[in-house]
Amino acid sequence: MVNFLIFGPPGSGKGTQSVRLAEKFNLVHLSTGDMLRAEISAGTELGKKMSSIMAKGELVPDEVVIEMIAARIDKTKGSAGFLFDGFPRTVAQTVALEKMLNDRGMKIDSMLVLDVEHDELVNRLILRAEQSGRPDDKDPAVIENRIDVYRSKTEPIIDYCRQKGLYQPVNGMGTIDDIFVRLCDQMKKLI
Ligand code: B4P
């Protein structure tokens, strides 16, 4: 099992690239953003509680996403590995993920960090808003808040992972195809 984190600010291409990478390397793609949006679409109690937090661009509580991921890890035993997309987003989530994996005889093998300029992030999300109808993409103030939340709460994970030798920066500027090739080159070193 080889387990990757795909990491970067909102709009950096995590979700876009994860779909392709999971297919190429036969990994299980786990996106907490997708799982939360599925709860909202299904109109569950959890979805109702989380939708206003997400619409403001804030992070949902750690225990909610940790529980979701734990349930999915146990359902998908025996795969080639996991590709965690948008999770972890806090150091507490990272520690919880490490424990979850360690308890099951696994570990985080690599953290791929997409590096993208601020203006490009905003442009991509504004463009996506036209097609996705996602409330957190529609309002420029919410986009800025998501980027601020990333810098203050999520980015500290980079230092945590760097100390463990897991950090692998990847240039996230350019076409989707070019970035895919860069990510594949990094991943092939481990798979
Ligand atoms: P996510 O679903 O993770 O969404 P995101 O950060 O906006 O990035 P995403 O992966 O979807 O977009 P991508 O960069 O691929 O999170 C949404 C919300 O859920 C969070 O704000 C939070 O409230 C909550 N949440 C999720 N996980 C959580 C957790 N663990 N803890 C707490 N809360 C959590 O792509 C963006 C756009 O750019 C797309 O339209 C794409 O087509 C385009 N694009 C990508 N690459 C491009 C390129 N190279 N060139 C041009 N366009 C490109």
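Where does Pro88 lie? Pro88 sits in the loop between strand S3 (82-85) and helix H5 (91-103). Keep in mind that this is a predicted model. I start with Pro88 for its peptide bond. Phe87 and Pro88 are joined by a cis peptide bond. Omega there is about 0°.

Now to the core. The largest nonpolar core has 30 residues. Seven names to note are Leu30, Leu36, Ile69, Ile73, Phe84, Leu97 and Met111, which have the most contacts inside this core. Which helix gives the largest share of the core? Helix H4 (residues 62-75) does, with 6 residues.

Take Leu97 from that list. Setting aside residues up to four places away in sequence, Leu97 touches Leu5, Ile69, Ile73, Phe84, Phe87, Pro88 and Ile108. Notice Phe87 and Pro88 among those partners. They are the two residues of the cis bond. There is also a second, separate core. This one has 16 residues, including Leu21, Leu83, Leu112 and Met187.

Next, helix packing. Two packed helices are described by the angle between their axes and the distance between the axes. Here are two pairs.

Pair one is helix H2 (residues 32-41) with H4. They pack at an angle of about 100°, and their axes are 11 Å apart. Angles of 65 to 115 degrees count as roughly perpendicular. H2 and H4 are therefore roughly perpendicular to each other. From H2, the residues that meet H4 are Thr32, Met35, Leu36 and Glu39. From H4, the residues are Val64, Val65, Met68, Ile69 and Arg72. By class, this contact of H2 with H4 has 6 nonpolar, 1 polar and 2 charged residues.

Pair two is helix H6 (residues 118-132) with helix H8 (residues 140-154). Their angle is about 135°, with the axes 10 Å apart. That makes H6 oblique to H8. The crossing of H6 past H8 is right-handed. H6 makes the contact with His118, Leu121, Val122, Leu125, Ile126 and Arg128. H8 makes it with Ile143, Glu144, Arg146, Ile147 and Arg151. By class, the contact of H6 with H8 has 6 nonpolar, 1 polar and 4 charged residues.

Now some single residues. Start with Asp62. Asp62 has its place in helix H4. Is Asp62 buried, exposed or partly exposed? Asp62 is partly exposed, with a relative accessible area of 23%. Beyond its neighbours within four places in sequence, Asp62 is in contact with Thr90, Ala92 and Gln93.

Over to Ser18, in helix H1 (residues 14-25). Ser18 is buried, and its relative accessible area is 0%. Which residues is Ser18 in contact with, leaving aside neighbours within four places in sequence? They are Ile6, His29, Leu83 and Asp85. Leu83 is a name we met in the second core.

Last stop, Asn26. Asn26 is found in the loop between H1 and strand S2 (28-31). Phi of Asn26 is near 60°. That is a positive value in a residue other than glycine. Asn26 is exposed, with a relative accessible area of 56%.

Key. Residues numbered from 1 in each chain as written. Predicted model: local features only at pLDDT ≥ 70, side-chain atom pairs only at ≥ 80, totals over all residues. Heavy atoms only, no water. Axes fitted to C-alpha atoms, helices over the stretch in contact; angles between N-to-C directions. Helix = DSSP H or I, 4+ residues; strand = E, 2+ residues; numbered from the N terminus. Parallel < 35°, antiparallel > 145°, perpendicular 65-115°, else oblique. Left-handed = near helix turned anticlockwise from the far one by under 90°. Contact = heavy atoms within 4.5 Å. Nonpolar A, V, L, I, M, F, W, Y, C, P; charged D, E, K, R; others polar. Core = buried A, V, L, I, M, F, W, Y, C linked by side-chain atoms within 4.5 Å. Buried < 20%, exposed > 50% of the residue type's maximum accessible area, 1.4 Å probe, protein only.
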